Amino acid sequence: MNFFANIWRNEKSREIIVQIFVLLCVGWFLSWLISNVDANFKALGKDLSFEFLFIPAGYDINQYLIEYNNRDSHLRAGIVGLLNTGLVAFFGIILATFLGITLGIIRLSKNWLASKIAYWYVEFTRNVPILLHILLWHGIIINTLPHPKKAINIGDVTFLSNRGFYIPKPLTEIGIELVYLFFVIAIIFSILFFKYAKKKQDLTGQQYPVIWINLMVLITLPMIGFFVSGMPITLEIPALKGFNFRGGMHMSPELAALTFALGIYTAAFIAEIVRAGILAIDKGQREAAESIGLKPSKVMNLVILPQARRVIIPPLTSQYLNLTKNSSLAIAIGYMDLVATLGGISLNQTGREMETMLIVMLIYLSVSLSISAFMNWYNNKVKLVGR
Amino acid sequence: MKTKILLAAATAGVMFAGSVLASTLDDVRARGKLNCIINTGLVGFAAPDDKGKWQGFDVDFCRAVAAATLGDADKVNYTTATGKTRFTKLAAGEGEILSRNTTWTFSRDVDLSQTFIGVNYYDGQGFMVPKALGVKSAKELDGASVCIQTGTTTELNLAEYFAGNGMKYNPVPIETNAEAQELYKAGRCDVYTTDASGLFATLYSFDNKADHMVLPEVVSKEPLGPVVRHGDDQWADIVSWVLRAMMAGEEKGITSKNVKELAAKDNKDKEINRLLGKDPLQGLSKLGLSPDWAVNVISQVGNYAETFEKHLYPLTIQRGMNALYKDGGLHYIPPIK
Ligand SMILES: N[C@@H](CCC(=O)N[C@@H](CS)C(=O)NCC(=O)O)C(=O)O
């Protein structure tokens, strides 16, 4: 008895005992869940099988980044959906980041009006549920833009209608290789020049307008290649044919609505994160930077933001994750993402709820984990070293 | 400790299995209400009236089963389901019957482990377009944007029809009929396709009916009927014979008006006697139903023709294939013997 009491009194061993106990509970709960699922499946006469993934899906998807038709498998339909999820998350993240950083900075500006506008933007946007944002944007696009036959015509090459946005699509011809080659050369030059300029600055303090020179090179070199090789890029202009526009690149109202909604909603959170990040930097840093005569934009870009980055990145990561996960609300407006294809139509047409949901969950989990792994890596890179 | 946990788990398992094995009829009787899964809203089939009471052809079938099993057609709880969620809801036990424009297909019957108990409406898929579009046939729809309800046979038929005719289209997937109407009206799609019955119902709710038309092509067979879970034959029998009783009512001229009267007397047609409980119907006790089951159904809900006329005639739907065999339709029921 005494022996056991001693074990319990000892902090180390008590911790271990508690942990073992918790582990047992969790294990028991999991096994109960699994056996319950098993019993339910038996009662319903079902089995766990993933064979359905390889039979023809039978349904069409309105947006595919890889070739797809209704004779392809459910697996491929799922991949098409996953890529669509990736596409909207990508657009959304870009929009949210630019908008969020801009707003975060404006919010701290000394201009009273600008800062108030940013304030109200943040307060308003983040207090309206994301689903409403999505439905609102979809409603606006569908109900205010005209029918394709009366589409808003921008210079005879771009058309806006309630079936989405159509822009010209670049088609490449023979000779394009030269343009690619010149582009690669331009990139290599830019990198070398950047390194050179940095070294020079470190050594002598002399500064070059690196960004402008690089930008010039990156644009003009491929342009030269383009003309020399006889202009191997033509534009495919969208044109009204029958019911809809054909040709060109097409952004559906659903993709547009989702991108706007996710971007604008998440931007409000990012703005707050950026603001907090900037405020977290000791004001002495700003004063010091100003006192050596740096312009306000330089103070921001060279002194404040690089330090604020460390504070900003972890919460920013979780906003990117949120955006990606929120994109699964796509189903509300019929955007064919992973949840709508594999987790929606495939689930329904095959009746494989358990299997499809398991796959969808695993995919979201691994996407989330890889985004946070990347962000952790980045965070480690920018964090203060040797302090 | 460990054995206790195992024991608890085992009991939980047994209890669960037990609740699955108990007969559906017992569950319904114990609850005093029938749980019925219906549409989210489709005029004529299942839609709330201005008092918020569910009305329609599919709703009436739920009521008929409640009348047969509980003696009261009003003892029904309604649960709505979209095309996508209906089978999951049925499998999860959210209802004893799925009465929702559901097409009987091989894979739903066999692979999804459902039991289709018969056909209460023979249908086929059609297309609706605004007249202004100037389209006269589905064959002219190449390149159109088409609104479809996901999780339906509709979307599979559509894919096959367009591919089969070498045409392309842009699918616009939605969940419910209400959403489909909104998108169609807003011009997000050129065409709305679903079961012809659904098109009529949709058209009925439009203010400007004359501006739209249903194209002549019917591109599929859609035998619609109530569905129950696999595994309880007694319940499947009850539900299917309720449907047949309603059709027998029409065949024999038994209506909600005269059913009480016919039940009270000795009819020349002995089938009427057996149906209405005057003469014994062999095996009825195996279904656990009382002899007045069919009287309850027909007096409280009506025969097949009565509910059809009440709910579907206003939508300008004709009997057509849904007439009894003796009137040139497809409904032919086994004898009540
Ligand atoms: N019969 C087809 C289609 C059934 C279906 O979804 N029908 C539509 C229109 S006919 C409906 O009932 N909609 C009502 C709702 O949105 O809940 C099937 O079983 O897959």
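Is Thr103(B) buried or exposed, and at what relative accessibility?

## Thr103 in chain B

Thr103(B) has 4% relative accessibility, so it counts as buried (under 20% relative accessible area; exposed is over 50%, partly exposed in between; 1.4 Å probe, protein chains only). Thr103(B) sits in the loop between β5 (97-98) and α5 (106-110) of chain B. Beyond its neighbours within four places in sequence, Thr103(B) is in contact with Arg108(B), Phe116(B), Thr153(B), Lys221(B), Glu222(B), Pro223(B) and Leu224(B) (heavy atoms within 4.5 Å).

## Basis of the model

This is a predicted model, where local features need pLDDT of at least 70, side-chain atom pairs need 80 or more, and totals for chains, interfaces and linings use all residues. Residues are numbered from 1 along each chain as written, chains are lettered from A and ligands numbered from 1 in written order, and side-chain values use heavy atoms, without hydrogens and water.

## Chain B overall

Chain B holds 13 helices and 14 strands (DSSP runs numbered from the N terminus: helices H or I, at least four residues; strands E, at least two). Its radius of gyration is 22 Å, close to the 20 Å from the globule rule for 337 residues, so chain B is as compact as a globular protein of that length (C-alpha atoms; rule: 2.2 Å times the number of residues to the power 0.38).

Buried residues make up 55% of the 337 in chain B. Of the chain B contacts with a separation of 6 or more, 73% join residues 24 or more positions apart.

## Chain A domains

Chain A is divided into domain 1 (2-41) and domain 2 (74-134 + 254-382), with bounds from an automatic or database domain assignment. Their C-alpha centres lie 39 Å apart.
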